[in-house]
Amino acid sequence: MRRYLIALLICGVLGAIRPAVAAESEQQFNERMEWFRDARFGMFIHWGLYSIPAGEWKGRSNHAEWIRDTAQIPLEEYNNFVNDFNPTNFNANAWVRLAKRAGMKYLVITSKHHDGFCLWDSKFTDFDVMSTPFKRDILKELRNACKRQDVRFCTYHSIMDWHHPDYLPRRKWETTRTSEGADFERYLTYLRGQLKELVRGYGTGILWFDGEWESTWTHELGAETYDYVRSLNRNILINNRVDKGRRGMQGLTQGGFKGDFGTPEQEIPSTGIPGVDWESCMTMNDHWGWNKADKNWKSTQDLIRKLIDCASKGGNFLLNVGPRPDGTFPEEAVERLEGIGKWMDVNYDSIYNTTASPFRKLPWGRCTQKRFWNSTRLYLHVFDWPATGQLLVPGLLNQTAQARLLANGQRLTVGYSPEGMTIFVPEVAPDLVSSTVVLDFAGEPILKGQGAILQNSDGSIALPAEEALFFGEGIRFEDDAQRNCIGYWMNPADSAAWDVVLYQDGTFQIAVEHANPEPTRIELQAGGSSMIISLPATGDYGKFQVTQGGTVSLPVGKASVAIRGVEQNWNPANIRSIRLSRP
Ligand code: FHN
């Protein structure tokens, strides 16, 4: 116990004098995020004492990593699992080999889950793997295996800790476990000490925080912890669960909160989110930790298409494995990892180092892309292979494209029409799960009817509500015959945007067609400038009128026009269209 107190004391002093983190430029942030954005695919591992009961407790079999809470196991009884943890079949090289086989570029393992048990030799507690019969430092072995096989080693770490005497609050059902003498500040020192071990001692590439939702954890603590961890390693990545800004399972970060990327859980955002980094984490069946009764495994096809879906929206896919207590992966997980790996052997180029699709949606599948100096490569992920042999890429107006099958390089003929590009494909799809057609053309994609609006021949530009791209939780297209407008705009931080293609540059007068019972203001950004437009009350959400804004100058080529609410005195407004016309 003495060594822990000394460790805590040292950490407390060091923690109190930690250096502030210098401000980071956008370029520095992009450099720090680069490997993560390029990787697109990682392995999540939930493993610990909770794996021993395998989801079962006193006749119920739907538990997993939360078992101490969901089965209300008293601490003393749960601690007995320490004596049973002896994963003699654990082989770090084999785990990393399987991650690599699947095409995963990084691995995130639960260093400590909510139960407080630590998978490494921590100076700050004996509730760790060194107190078990196994007596091996699992994180160290996994870190070394990752290093040997060029997979980035990363760690999940739970802020919430059901074991540590100083963590508060207790579980509601723990009526006999006193919180008398609990000192949350002392817990924070413990937490910082362990974070320092993981960052400096194990070189974790991501600190994947979790368990941030309880009242004792605050935005201030989150922001402070973010800065503290970055002060230990400026290049580390930290997810948004370090702070309090995560929007539930949808996982994206609300403004003003810390975190390098959003963490949707068991779901994938409905559209790409320009300028936002995120990673969807998902189980292969229905449980994070090992549950031997859970046979609801997602198919390999479904998992491959989820990976493609994430990449097509500019996000990462963190796919979970819950190892058994003996240290082996379930056969069903191994089968899926190998199946995904087979697909990645052929199609990895269409996932790694790609960015989001330029299309809002495609009828037959998804798209990822790579931009080169003066050309674009689209990877068309075709789930539903056209029986007609003609694959229409709707709204793509570029000319002189080259197309081929990624699987075997077979050249394909391309046709052009006002509806878009048609690629003539063989009768049989190279891969029934998803076949990749590679499309190369000069310049940037020119899209019609996919959120990209073409300038009219008279130079004007009409931006209708139904062609807008939406960013935020509530705002969306109100498909009502009388309205046909941007609606449900309750949160001024929500925004809408249009991609515009201009053939004639110039200065344009802005006009807004709106309906709002109360006066309100919007901010319009276009061509690098911004303006506030006051929208007088029209009396009703269905009573539209046109209000003039200022003027804006736009160059030839692609431009973006975006609107968001002005926070101060915000009142929702319905926007039917924005019009840019020659003054
Ligand atoms: O409570 C945890 C849960 O056990 C699991 O670790 C997931 C994985 O992201 N995170 C929390 C639930 O959101």
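**View 1. The lining of the second largest cavity, by residue class.** Four nonpolar, one polar and two charged residues make up the lining of the second largest cavity, where Ala, Val, Leu, Ile, Met, Phe, Trp, Tyr, Cys and Pro count as nonpolar, Asp, Glu, Lys and Arg as charged, and the others, Gly among them, as polar. Its volume is about 40 Å³, and a cavity here is a set of points, on a 1 Å grid over the protein atoms alone, where a 1.4 Å probe fits but cannot get out, with lining residues having an atom within 4 Å of a point. A volume is the space filled by probe spheres set on the points, which are joined across faces, edges and corners. Among the residues of this lining are Leu 188, Arg 192, Trp 217 and Glu 224.

This is a predicted model, in which local features need pLDDT of at least 70 and side-chain atom pairs count only at pLDDT 80 or more, while totals for chains, interfaces and linings use all residues. Residues are numbered from 1 along each chain as its sequence is written, and side-chain values use heavy atoms, with hydrogens and water left out.

**View 2. The largest cavity.** The largest cavity has a volume of about 70 Å³ and is lined by 13 residues, with Asn 285, His 287, Trp 297, Val 321 and Gly 322 nearest its centre. Seven residues of this lining are nonpolar and six are polar, with no charged ones.

**View 3. The surroundings of the ligand.** The ligand is surrounded by 15 residues, the closest being Glu 65, Trp 66, His 114, Asp 210 and Glu 265, each having a heavy atom within 4 Å of the ligand. Eight residues of this shell are nonpolar, three polar and four charged.

Definitions and conventions. On a 1 Å grid over the protein atoms alone, a cavity is a set of points where a 1.4 Å probe fits but cannot get out, and a pocket is an open set with protein on both sides within 12 Å along at least five of seven lines; lining residues have an atom within 4 Å of a point.
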